[in-house]
Amino acid sequence: MSKFESEVAEGERYRVGYALQTKKVESFLQPSLLDYANQHAIDLVQIDPSSPLEQQAPFHCIIHKLHTPQWNKHLQQFSATHPDTAIIDPPELVSRLHDRVSMLEAVTHLQISLQNATVGVPNQVVVNEPKAPDFDKIEQLGLRFPAIAKPLAADGGDGSHEMCLVFDREGLNALSAPTVLQEFVNHGGVLFKIYVAGRRVKCVKRKSLGDISEERLRTLKGEVLPFSRVSNLGVEEEGDAVEKAEMPPQCLVDELAKALREALGLNLFNVDVIRDSKEPTRYLVIDINYFPGYAKLPSYEPFITDFLLDTVRTKTN
Ligand SMILES: Nc1ncnc2c1ncn2[C@@H]1O[C@H](COP(=O)(O)OP(=O)(O)OP(=O)(O)O)[C@@H](O)[C@H]1O
Ligand SMILES: O=P(O)(O)O[C@H]1[C@H](O)[C@@H](O)[C@H](OP(=O)(O)O)[C@@H](OP(=O)(O)O)[C@H]1O
Ligand SMILES: [Mg+2]
Ligand SMILES: [Mg+2]
């Protein structure tokens, strides 16, 4: 029996509704998850987000990754009259992750320091208009190049993953606002993704952007290098650096997941963390994603099912 496997009380079954975009249904609702959940008393039921939820009820729990006004309205009306249905997660809390500034604010308030390791965020500044006053603000705040220009909105919309590396002030002219300019931190080309589903936590390694040497920096002056979805390059393509990289201490992973879960009030998210090459006890959170690609995790079926069982049992007890 897997260590995730939970006991099922005889005869009890739970209806969990999901409201997701088609591509997310295809990646998340693998037959292996449907089967595993089914064997553990969970029936995963697809919700039609355009119809009132009342007509599709009952639900012990609703999981979702949609944020149209119509969907938010249906959800809000339903939860007001059905307080026993767990809403994973409330839209007003999820929306905090749709902005690359508010997403990292929660991290700056955390006080985590375990085994000499610290957790912070890279220096960053919002550029609202790619014009001279904003450039002065960047310098006043002491932001150093190279930097990554990230779209302020992280809502899964068009272009929300399109970024570029900027090597000096001159490169700022090419930016389209609003942009978050975040210091690039050399981290050995390895990213740690911490997946959270309630109290369940799993950390995996992924390929990331490689280090930028001083020499390379000199040759790149004035350039702007666009890139997109680096960490999605795929598990198989990972190079030696990823294989060899040491994982962060498990206590740090657990503590960060728990602290962020409490600070954000969310259950389903992952956290992208890098380790500063110059100072290997310094960990930096660079991104937090709502309802990420759990199916990329080995054994995601028990991971998700056990979270759902935790949720429905807490609500029904
Ligand atoms: N401050 C940084 N220093 C160094 N590398 C970074 C930094 N921020 C981002 N990166 C690199 O750029 C990649 C994309 O950045 P980020 O994770 O913010 O984008 P995203 O599109 O939101 O990613 P996801 O697909 O995880 O949602 C990261 O996976 C990492 O490789
Ligand atoms: O499509 P949007 O709403 O932007 O969200 C993405 C997240 O930003 C990514 O972090 C997810 O990939 P990872 O699970 O590898 O982080 C990615 O996972 P997926 O592509 O496997 O669904 C998405 O959840
Ligand atoms: Mg990321
Ligand atoms: Mg992201």
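**Figure 1. Asp287 bridges two magnesium ions, ligand 3 and ligand 4.** In this predicted model, the two ions lie 3.8 Å apart. The pair that coordinates the magnesium ion (ligand 3) is Asp272 and Asp287, each through OD, at 2.0 to 2.2 Å. These two residues link distant parts of the chain, being 15 residues apart. Asp272 belongs to strand S14 (residues 268–275), and Asp287 belongs to strand S15 (residues 282–290).

**Figure 2. The two aspartates at the magnesium ion (ligand 3) are Asp272 and Asp287.** Asp272 has a relative accessible area of 5% and is therefore buried, since buried means under 20%. Asp287 has a relative accessibility of 12%, so Asp287 counts as buried too.

**Figure 3. Ligand 1 has 23 residues around it.** Those that come nearest are Lys150, His161, Glu183, Ser208 and Asn289. By class, the shell around ligand 1 holds seven charged, six polar and 10 nonpolar residues. Several strands each supply at least two residues of this shell: S8 (147–151), S10 (179–183), S11, S14 and S15. The largest share comes from S15, with three residues.

**Figure 4. Oxygen atoms of ligand 1 lie close to side-chain atoms of Lys150 and Ser208, and to the backbone of Leu209.** For Lys150, an N or O atom of the side chain is 2.7 Å from an oxygen atom of ligand 1. For Ser208, the corresponding distance between a side-chain N or O atom and an oxygen atom of ligand 1 is 2.5 Å. Leu209 takes part through a polar backbone atom, which is 3.2 Å from an oxygen atom of ligand 1. Taken alone, ligand 1 exposes 610 Å², and the protein buries 97% of that area.

**Figure 5. Ligand 2 has 16 residues around it.** His161, Lys193, Tyr195, Arg206 and Lys296 come nearest to ligand 2. The shell is made up of seven charged, six polar and three nonpolar residues. Helix H1 (22–28) supplies at least two residues of the shell around ligand 2, and so does strand S11 (190–197).

**Figure 6. Side chains of Tyr195, Arg206 and Asn289 approach oxygen atoms of ligand 2.** A polar atom in the side chain of Tyr195 is 2.7 Å from an oxygen atom of ligand 2. In the case of Arg206, a polar side-chain atom and an oxygen atom of ligand 2 are 2.9 Å apart. An N or O atom in the side chain of Asn289 also lies 2.9 Å from an oxygen atom of ligand 2. On its own, ligand 2 has 520 Å² of accessible area, of which the protein covers 84%.

**Figure 7. Positions that an unreviewed UniProt entry gives as "binding site" include Lys193 and Gly293.** The UniProt record also places this feature at Lys24, Lys65, His161 and Asn289. Lys193 is part of strand S11. With a relative accessible area of 5%, Lys193 is buried. Lys193 is also among the residues that come nearest to ligand 2. Gly293 sits in the loop between S15 and helix H10 (300–316). His161 is listed among the nearest residues of ligand 1 and among those of ligand 2. Asn289 is one of the nearest residues of ligand 1, and a side-chain N or O atom of Asn289 lies 2.9 Å from an oxygen atom of ligand 2.

How values were computed. Residues numbered from 1 in each chain as written. Chains lettered and ligands numbered in written order. Predicted model: local features only at pLDDT ≥ 70, side-chain atom pairs only at ≥ 80, totals over all residues. Heavy atoms only, no water. Donors = N, O, S within 2.8 Å, 3.2 Å for Na, K, Ca; no water. Helix = DSSP H or I, 4+ residues; strand = E, 2+ residues; numbered from the N terminus. Buried < 20%, exposed > 50% of the residue type's maximum accessible area, 1.4 Å probe, protein only. Near = heavy atom within 4 Å. Polar contact = N/O pair within 3.5 Å; in protein donor to acceptor, adjacent residues only side chain to side chain. Areas by Shrake-Rupley, 256 points an atom, 1.4 Å probe, with all protein chains shown as cover. Nonpolar A, V, L, I, M, F, W, Y, C, P; charged D, E, K, R; others polar. UniProt positions renumbered as here; feature names shortened; annotations may be inferred.
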